[in-house]
Amino acid sequence: MEYFLIIISAIFVNNIVLAQFLGICPFLGVSGKLSTSTGMSMAVCFVITLATVVTWLLNRYLLIPFGLEFLQTIAFILVIAALVQMVEIVLKKVSPSLYQALGIFLPLITTNCAVLGVAITVVTKEFSFGSAVPHMFNLAESTVYAFATSLGYGLAMVLFSGIREHLALSDVPKPFRGLPIALITVSIMAMAFLGFSGIV
Amino acid sequence: MAAKNSILSMALCLTAVCLVCGAVLGSVYAVTKSPIEEAAAAEARAAIAEVLPEGGTISEAMQADGMEYYCSLADSSVVAYAVKSSTGGFGGLLTLMVGVLPDGSIWNTKVLSHSETPGLGAKCTSDPGFIAQWKGFKGNFAVRKDGGDVDAITASTITSRAYAKAVAQASELVLSLNKED
Amino acid sequence: MAGKNWSLITKGFFKENPTFVLVLGMCPTLATTTSALNGLEMGLATLFVLVLSNIVISLISPVVPDKVHIPVYIVVIATFVTVLQLLMQAYTPAAYRTLGLFIPLIVVNCIILGRAEAFACKHNCWESALDGIGIGLGFTASLTVIGIVREILGSGSVFGWKFIAGDGILAFVMAPGAFMVLGYLLVLFNKIAKK
């Protein structure tokens, strides 16, 4: 039950883009076409989940035992950067077809604040789902949270790029063209997602 | 350029940068460690002082049932407890500091952190009627809608329920502590 | 020379405004501008990291091998962000709590790495410092403006000074308002810039 609540909360209620404002740059940058946004979402999904697992372990078994929590930021960003590079190299060798699909998005992901944001959130924040006593996430909960969050990212991205494909064809007043109308569209999407608040 | 890009020079460069940065961070950490602890302690002290009757010496933090609490001692007997109590509110975790007298009645409460909706649930930190009712509160810790004695914030029943639950937890903790003694 | 220095500082406000022209660093721009004060604090925090990292990167970039320059820059930036975190925790704990997650996330703010790549590694220390101040102040100004607009509409106050009794239009303090205010301010900026 708790996992179910985590998933619903991460995808809909606290959607990473529309409620937490993380990963906005790629969200606005590559959402012009449905195909690229699907590719980007899958790459983000893969990296967020992997990075969260690795940084959670790093934090639990290296930083906390040595009292080095203040190094979280620097340690996490280095691990994420290295991880993205490694994923790129491994993917290139192991699965060229997957590399074709995700490869071009991988370098962009290091500076996607969604990855670092989720990694930091799961090790610094206490959560309370259902009636359980508030507690820090354990490894399984962190992984589920990270995966669900990135699904939420994908959902917002795919919905948004669908709308943007239509926007490209419509007659928008000149000063609104491009980013402004996109932002106003996101605003309306965020309003729709506000309707989910309070269900968990 | 060849020498500049050799593996050795790259490794040396990265090592040097990391060493310098590590040294800088280590020293800044050492310098700011006690101010950070002091700032956190001062905040905790201020919150505790606000929810407890005046006088009394505040004890060190203690743990029971997963909650943190402090005792206020006067003439070596406990006159009141300050309990840090959290529940899930509407938007996330709601954490309170609750001042409780040994008989389980409430002296005062204060919100430490919350993520309630601005203008609705977030009024639990500003709504004068809602805040004032907790001073000396005694009775059923449930909102009136559920048959209790708590006046809920308008349009924010979930936040009010969570608040009442956090206060109730604190009161129960104090009652159970006194039973053990 | 004086004119050049001056233009390095002022370009951040209009010509190369990081928010409205370069459209960088959107996450903190949207997330922390719930009030004018929060926007200002976030802008100043970013300014601190930007100036220091620009100075250090302009000094070390001649000796850093090309292939590892990105990791080196990230380490430098992350170091200053951690220094900032520690200082804020010690001396401004309230602001640190309000801005929360977005202080460590300054590391991945594209403005900072962007300035390091586009400016600091090609210019001397003095110019890089001025560039950092200029862009940082431009960012601070934009965040403060967005914060002021959202605070007026959402809470009926400016910098905490209330001029309308009761609540404002709450949506502007929440997520949808952030996107909407930024969208309309961009329209306004486009309109003015065209003239």
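Visitor: Is Cys124(B) buried or exposed?

Guide: A residue is called buried under 20% relative accessible area, exposed over 50% and partly exposed in between, with a 1.4 Å probe and protein chains only; Cys124(B), at 1% relative accessibility, is therefore buried. Bear in mind that this is a predicted model, in which local features need pLDDT of at least 70 and side-chain atom pairs count only at pLDDT 80 or more, while totals for chains, interfaces and linings use all residues. Residues are numbered from 1 along each chain as its sequence is written, chains are lettered from A and ligands numbered from 1 in the order in which they are written, and side-chain values use heavy atoms, without hydrogens and water.

Visitor: How many disulfides are there over all chains?

Guide: A disulfide is a pair of cysteine sulfur atoms within 2.5 Å, and by that rule the count over all chains is zero. For Cys125(C), the nearest cysteine sulfur belongs to Cys121(C), 14 Å away; Cys125(C) is partly exposed because its relative accessibility is 30%.

Visitor: Which residues touch the most other members of the largest nonpolar core?

Guide: Such a core is a set of buried Ala, Val, Leu, Ile, Met, Phe, Trp, Tyr and Cys residues joined through side-chain atoms within 4.5 Å. Here the largest has 120 residues, and those touching the most other members include Phe27(A), Phe76(A) and Ile106(C). A second, separate core of 28 residues has Met67(B) and Val150(B) among its members.

Visitor: What does Phe76(A) contact?

Guide: Contact means heavy atoms within 4.5 Å; leaving aside neighbours within four places in sequence, the partners of Phe76(A) include Thr55(A), Leu63(A) and Val123(A).
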